[in-house]
Structure formats: structure tokens, C-alpha cells
Amino acid sequence: MTITDFLAKIQHHESYQRQISHVETIPAREAVYGDLARPIPDVLRTALAEAGIERLYSHQVEAIEGIRGGGNVVVVTGTASGKTLCYNIPVIENLLDDPSAKALFLFPTKALAQDQLRGLTRLAARSERLSELIRTGTYDGDTTRHTRRKLRDEGNIILSNPDMLHAGILPYHPKWNRFFKDLKYVVVDEIHTYRGIFGSNVANVLRRLRRVCEHYGSSPQFVCSSATIANPRELAEGLLGLPVDVVDEDGSPHGKKHFVLWNPPYLDLSKMERRSSNVEGHWLMAELIAEGFQTITFGRARVVAELIYRYTKDTLQRIKPEYADKIRPYRGGFLPEERREIERQLFSGELMGVASTNALELGIDVGSLDAAIIVGFPGTIASTWQQAGRAGRASDESLAVLVGYNDPIDQYLMRHGQYFFQQSPENAVIDPENKYILAKHLRCAAFELPLTDADEALFGGLTRPILELLEEFHDVKEVDGRYYWSTTATPARDVSLRTISDDTYTIVDVAKKNTVIGVVDGISALELLYPEAIYLHEGETYFVRDLDLEQKVAYVEKKEVDYYTQPVLESSIRIMKEKEKKTWRESNVFFGDATVTWGTTAFKKIKFYQMDSIGWSNLDLPQLHLETMALWLVPGKEVMNDVRERGRNPVEGLVGIRNMAISVLPLYSMCDRKDIGGIVESSNTGSPTMFMYDRFEGGLGFAETGYHMIEELMRGCLELVETCECEEGCPSCVGLPVLRPAIQQDQEGFASAWPIPDKESARLLLKAMLARE
């Protein structure tokens with residue numbers, strides 16, 4: 001059976017109720033090959049041939065020639081296009097010429113580094129000489145002390161991540177002096193993940209790396225790879241602080257792909273509720289696997305991956321029992337050895353399917369898959385294409401299905417099929433010279449080596465003013481124009497590159513002598529592992545007996561139930577200190593300290609396969625607090641009344657403006673949309689108020705920029721709403737999605753959030769505030 005046959009069959013199935021709202025067929029593409037000016041060394045060419053690689057695609061040739069020529073290169077091609085060979089070949093070539101040379105490969109996740117290690121060792125194993133030459137391994141938090149020392153002293157290709165480079169390598173560079181002295185290549189993989197706060201931090205880590213290399217007399221080349229984004233050159237040059245050559249003409253082949261938008265049917269005549277997207281996604285997955293198609297299904301959270309796995313396994317036991325044990329869930333929180341075993345099984349073809357979070361969105365090699373099902377719009381065009389790209393290799397026909405949630409954004413995409421396919425991937429935005437981020441990394445840099453005026457070339461024009469401020473706080477001391485670290489602390493330990501919680505909770509099964517079955521970060525623990533919660537692990541239901549907040553341990557036991565649980569979250573913002581205030585036209589704008597508070601206050605019991613709540617209990621758990629900076633805009637009463645008199649709801653308009661401002665502010669503050677939060681409420685000021693805050697402890701200056709540029713920000717929102725061609729509001733204007741709570745939970749339970757706000761209300765309110773006719 002072909003994919004085309006499957007689509008025809010599914011439309012005649014008794015369960016089909018016209019769910020297909022749009023089908024986009026992407027035609028097949030033939031491979032475009034190229035030839036290198038200088039042949040690959042025989043020993044490497046033979047090893048590649050044994051791996052089935054006889055010829056190189058045109059983009060691989062272009063990248064290798066660029067690297068051979070000494071340039072910094074960023075490769076921007078599709079999923080499974082062979083980007084890894086673009087850097088593996090020149091690195092190994094260089095080792096064959098100079099066995100003392102070193103290379104550092106950086107990946108955003110430990111799982112991706114492990115996957116790349118497997119590929120590199122498989123290639124080396126095809127040649128006795130390469131096996132002796134290549135001394136490689138992963139250097140991360142899972143690496144034993146003995147292996148770390150051996151890699152540091154003997155390794156010539158070390159695979160790591162930015163977090164380990166930042167906190168575990170650069171602060172101890174004297175121990176790494178031989179490695180840095182001979183460092184020739186630095187590979188930065190999947191750079192599209194380095195955006196916003198995380199990307200701005202990584203950019204400074206890479207500048208610190210360049211500084212340490214220069215200290216030991218090396219100047220490595222940088223090779224980057226990226227999924228398709230709108231601005232790969234800008235992002236790569238921003239990360240490295242160096243010019244790069246872009247390779248983006250993809251020469252790899254791909255078969256015909258059918259991309260289906262699948263809208264769950266209504267459950268009643270009132271057309272308010274739709275069938276569960278998880279149920280629809282699992283049904284498609286089971287039908288595809290039953291027909292022999294290897295399938296991956298993406299859910300937006302851990303609970304979704306577990307639910308789809310459980311549902312699919314139950315269905316396969318009825319319709320294709322021999323495949324019921326050939327599917328697995330894949331998500332964060334599994335132990336490392338569990339994740340690696342699932343990756344191996346998927347790559348080898350032992351598994352017919354996997355239900356995953358976006359953990360498998362990145363370039364982990366899982367072999368050739370036939371279909372990718374995406375349950376719920378992932379939030380960006382780029383991520384959607386990344387997930388869809390996990391299916392379809394070479395000349396094979398493939399299928400991608402986006403199953404919509406019953407929420408405003410997903411439903412807009414379902415109703416306007418061409419909208420998605422006509423959109424370009426988003427820009428990735430970073431700001432390495434953000435004064436808050438830069439100050440933290442200058443502290444780290446001073447610990448590593450004294451700073452001088454020459455370092456302005458690396459870190460930018462704010463270097464000296466920030467160093468002078470750090471001297472006032474006695475972090476550094478100037479001696480003859482050089483700034484030395486002046487305390488006994490190691491500053492890198494206090495700087496997290498990512499915004500997630502550093503706390504880790506352990507999950508133990510009390511029925512198996514407290515065997516550890518998983519881990520979870522501190523924020524998610526309070527959303528997944530509250531007392532009496534049902535924790536889903538490999539489709540099994542575990543009852544949470546207790547959550548020890550001091551020891552950070554959740555005690556669970558397996559218990560057969562016919563429901564899962566969902567947290568009820570509440571969030572609020574409180575003004576702590578007003579720092580600045582101004583009258584802006586007829587409205588008032590403020591900037592200052594604010595505390596954002598959120599927590600799990602209760603939980604619901606949801607019956608499997610349904611969305612009905614069968615129970616509810618209150619919880620008494622500690623709340624989480626984010627001490628940050630915020631701006632708040634209080635529209636004048638006359639402005640609000642003007643909108644009311646025109647028959648529109650000004651508060652709904654303010655919500656629409658909040659949604660747009662979250663998208664427009666990054667144009668001025670060099671941040672990512674996920675770095676900003678927004679709330680519309682009245683309890684702080686007594687009037688409807690729009691708050692915008694930095695989603696980072698202490699703030700990073702994003703809201704401050706919005707305060708100083710409120711006129712430009714509101715004008716940008718007005719331009720956005722007036723140039724959008726929709727009539728009532730859409731995801732391109734007032735309906736832009738904001739981040740939802742409960743990051744590890746089933747999003748269907750939160751689908752009744754604000755609908756897309758009324759476009760005209762937002763337009764009228766903006767015009768009134770800007771004093772426009």
C-alpha cells in the first residue's frame with residue numbers, strides 16, 4: 001500500500017467524518033550531486049563507500065570546499081539532508097594530515113550528542129586506521145570522572161554542549177591547554193535552537209571560547225548547521241561574532257510528501273466541542289502502523305506523548321496485535337539508557353512507531369520513517385516543518401498530518417489551509433550585548449583571564465562601562481588597565497544559560513524498592529507530581545503517594561485506573577516597585593519591579609479517551625515566583641469609553657494589543673517572543689491594565705525597552721493590525737499565540753482560553769490611544 005492508497009482508504013473508513021480540511025502535495029525532488037576539487041583521502045572514501053555513500057550532494061561539496069578554504073560556514077538545508085558529513089569529512093581529513101589537531105562539536109542536547117557519537121564511531125569502525133586515529137566521546141553531565149579526564153588528555157573530537165563548555169570547561173581551561181592549543185574546528189549544530197535568552201547566552205560563551213583559544217595561540221574555524229529559518233546568516237554571525245558563508249542550496253533528494261491538515265469532528269450540533277485531538281492522532285497512528293508504515297507522532301507535552309502511546313497500543317492490540325509491542329513513547333524525564341535504547345530500536349527498524357515530544361524534533365538519526373503526525377500546532381512554522389521532516393527519506397513517498405486542537409490558533413489554520421503553506425519560517429533573534437546577560441559573562445570571562453580594552457572587539461562597546469560597574473561591586477579589580485577577578489567564587493556556577501529550573505526531582509517506584517524510573521525539572525514537578533496525581537510512564541498509570549519538596553523526590557506506585565490528572569494553574573502579577581512613570585498621550589505608562597506568581601491550586605481527573613472531568617480536588621502546594629521587570633500600560637478612561645461608544649469591548653481590544661505587542665516588541669528589544677510574558681488585569685491599578693514582563697529572573701531589559709519606546713511599540717501594533725488582510729482577527733495579528741501554562745500537560749484541557757480577540761476592538765483602541773482618526 002502507498003501513502004496515496006492509505007489516504008484514499010482512510011476517507012472511506014467508517015470513522016471518517018470529513019476531518020481532512022486541506023491536503024498540500026509537495027512534489028518529489030531529484031538529488032543534485034557535486035564533485036570536490038580535491039578527492040577525499042582513500043581511507044575515508046572507502047569507509048564512506050562501505051556506509052553506502054558513493055557521491056556527495058551539491059550542498060555537501062559547497063560546504064566542504066568552503067571549510068577547506070578556511071572560511072566559517074553555516075549549512076542550512078532540510079531534515080535528513082546529510083549536514084553531518086559537511087563537517088565530519090573536513091575534520092577527519094584534517095586529522096589524517098595532522099593527528100595532533102583537535103575538534104569540538106557542540107550540540108544543544110545530550111541526546112543529540114550521543115546520537116552523533118554513534119554515527120561517528122560507526123564510520124570510524126569501518127577502517128582500522130580511522131579507528132586508531134579518531135579518539136572521541138561525549139563530555140557532559142553523564143560522563144564519568146575517569147572518562148572526562150581521559151577525553152581531556154587524549155580526545156581529538158570531543159562532543160559536548162554549551163552548558164558544559166560554559167561551566168565545566170572554560171573556567172578550568174589551564175587543564176585543557178593542550179586541547180585548546182591544537183583546536184582547529186568548532187562545530188555548532190542545530191543553531192536554530194539558539195534564540196532569545198538561550199541564544200544570547202550561548203553567543204557570549206562562544207566569544208569566551210574564542211578568547212581562551214587566542215590565549216593558547218589557536219584560531220579555530222567555526223562550522224554551523226541549522227534547520228530552515230528566515231535569517232541563518234544573521235543568526236550565525238550573531239552567535240560567533242564572525243562573518244560566515246551560507247550554504248543553503250539543498251542538493252538532497254526527497255520523495256513526494258502529502259501534508260494533511262486534519263480537523264477533529266464536532267461532537268454535537270451546537271458545534272462547540274470537537275473530538276479529542278489525542279484520540280484522532282492515535283487513531284491515525286494505529287491505522288498507519290497497521291498498514292506497515294513506520295510512524296512518529298509528536299505531542300506538545302510529556303502527558304500527550306504518553307496518552308497517545310497508551311491509546312495506540314490499546315488499539316493495535318485489537319486490530320494488529322503483533323505490532324502492539326513495537327511502539328514506544330519518547331520524552332524528557334526518561335533515564336539516559338532508556339532514551340538511547342529507544343533511539344537504537346527506532347533506527348534499526350525494530351519499532352514501528354514512537355509517540356514523542358519535540359525531543360525527537362532535532363536531528364537525532366531515527367532512520368527512515370514513513371509518516372509524521374503532529375498533534376497540535378507546535379507554535380512556529382519552523383518547528384512544524386522540522387517535525388514534518390522526520391518522515392520521508394530519499395525517493396520514498398511520505399505523509400505529514402497536522403491534527404488541530406479546538407483552540408483559536410489551530411482552528412484558524414484548519415480553516416485557512418493556504419495560510420500555513422504560504423508563511424515563511426520565523427526569524428531567530430538574539431542580543432549578545434544585552435547589558436544584563438553581558439554583565440554575567442564578563443564576570444565569567446574575568447575569572448578565566450584578565451579583561452582589557454582589546455576585549456571590546458569581542459564583547460562590544462558596553463564592555464568597559466560594565467567592568468567599571470563590576471569593580472564598584474568588588475567583583476573585579478583594575479590593575480594597569482587590566483581587570484582581574486577579585487573573589488574566590490566561580491561565577492559560571494551562578495549563570496544558567498537556559499531559563500528552566502535547575503532543580504531536579506527524582507521519581508521513584510515504592511513497590512520496586514524505590515527504583516528510580518525518571519526525573520523532572522523543578523517547575524514541571526509541581527505540575528506533574530502533586531499528591532494523588534496520575535503519572536504516566538510508558539503508558540502505565542502510577543499514583544503519586546507523596547511529593548517530598550525538601551528532598552525533591554516523588555514517591556509513586558503502579559495503579560490501574562481509567563483516568564489521568566490535569567493541574568489547574570493560577571497566575572498573577574503584582575507591582576512591587578514603581579521606578580518610572582510617564583503620561584503618554586491620554587494614557588499612563590509605568591516601569592518597575594514586579595512579581596509574577598503561578599502555581600498548581602487544584603487538579604482534575606480526566607477519563608481516558610474523553611475530555612470529561614470526573615473529579616476535582618484542591619491542592620496546597622508552594623507557589624512559584626518570578627521576580628522580574630515589567631511595563632504596564634493603563635489606557636485613559638476617555639480612550640476606553642471611545643471604544644465602548646462604538647459598540648466594541650475595549651478590554652478585549654487590550655488583550656489583542658497584548659498579543660500583538662508580544663510579537664512586535666522583539667523588533668525593538670532583540671529578544672524572542674517566548675522571552676516575554678503578558679497579562680491583562682485590573683487588580684493592581686483599579687483599571688484594565690496591560691502588563692508586559694521579562695520571563696527571566698531579575699529582568700533582561702526587554703520590558704524597559706518597551707517602556708521607553710511605547711509610542712513606537714503601539715504604532716507597530718497599529719500597523720500590524722491594519723495591514724493584516726483578515727476581517728475579524730487571525731494568528732497574524734490579534735490572535736498571535738502567547739505561551740500557555742502547564743508546559744508538560746495535555747493542552748486540550750486548556751483550549752478554552754481567550755478566543756482570538758476582536759480585531760476591530762484592538763484597532764479602535766490603538767487609534768484612540770494614538771489620537772488617530
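Which residues does Ser761 touch, not counting residues up to four places away in sequence? In this predicted model, Ser761 touches Val643, Arg648, Asn649 and Gly653.

**Ser761 and its helix**
- Ser761 belongs to helix α27, which spans residues 759-769.
- The relative accessible area of Ser761 is 1%; buried means under 20%, so Ser761 counts as buried.

**Helix α8**
- Helix α8 covers residues 162-169 and is mostly covered, with six of its eight residues buried.
- The buried residues of α8 are Pro162, Met164, Leu165, His166, Gly168 and Ile169.
- Among the helices that cover these buried residues are α7 (145-154), α9 (177-181), α10 (196-215) and α18 (435-448).
- The cover also includes the strands β5 (102-106) and β7 (157-160).

- Strand β14 (residues 353-356) pairs with β13 in the parallel sense, over four bridges.
- Within this pairing, Gly353 of β14 stands opposite Ile327.
- Between β13 and β14 the chain passes through helix α14 (residues 336-348), forming a right-handed β-α-β crossover.

Notes. Residues are numbered from 1 along each chain as its sequence is written. This is a predicted model: local features need pLDDT of at least 70, side-chain atom pairs count only at pLDDT 80 or more; totals for chains, interfaces and linings use all residues. Side-chain values use heavy atoms; hydrogens and water are left out. Helices (H or I, at least four residues) and strands (E, at least two) are DSSP runs, numbered from the N terminus. Buried means under 20% relative accessible area, exposed over 50%, partly exposed in between (1.4 Å probe, protein chains only). Contact means heavy atoms within 4.5 Å. Two strands pair if DSSP finds at least two bridges between them. A crossover is right-handed if, with the strands pointing away from the viewer, the path from the first strand over the helix to the second runs clockwise.
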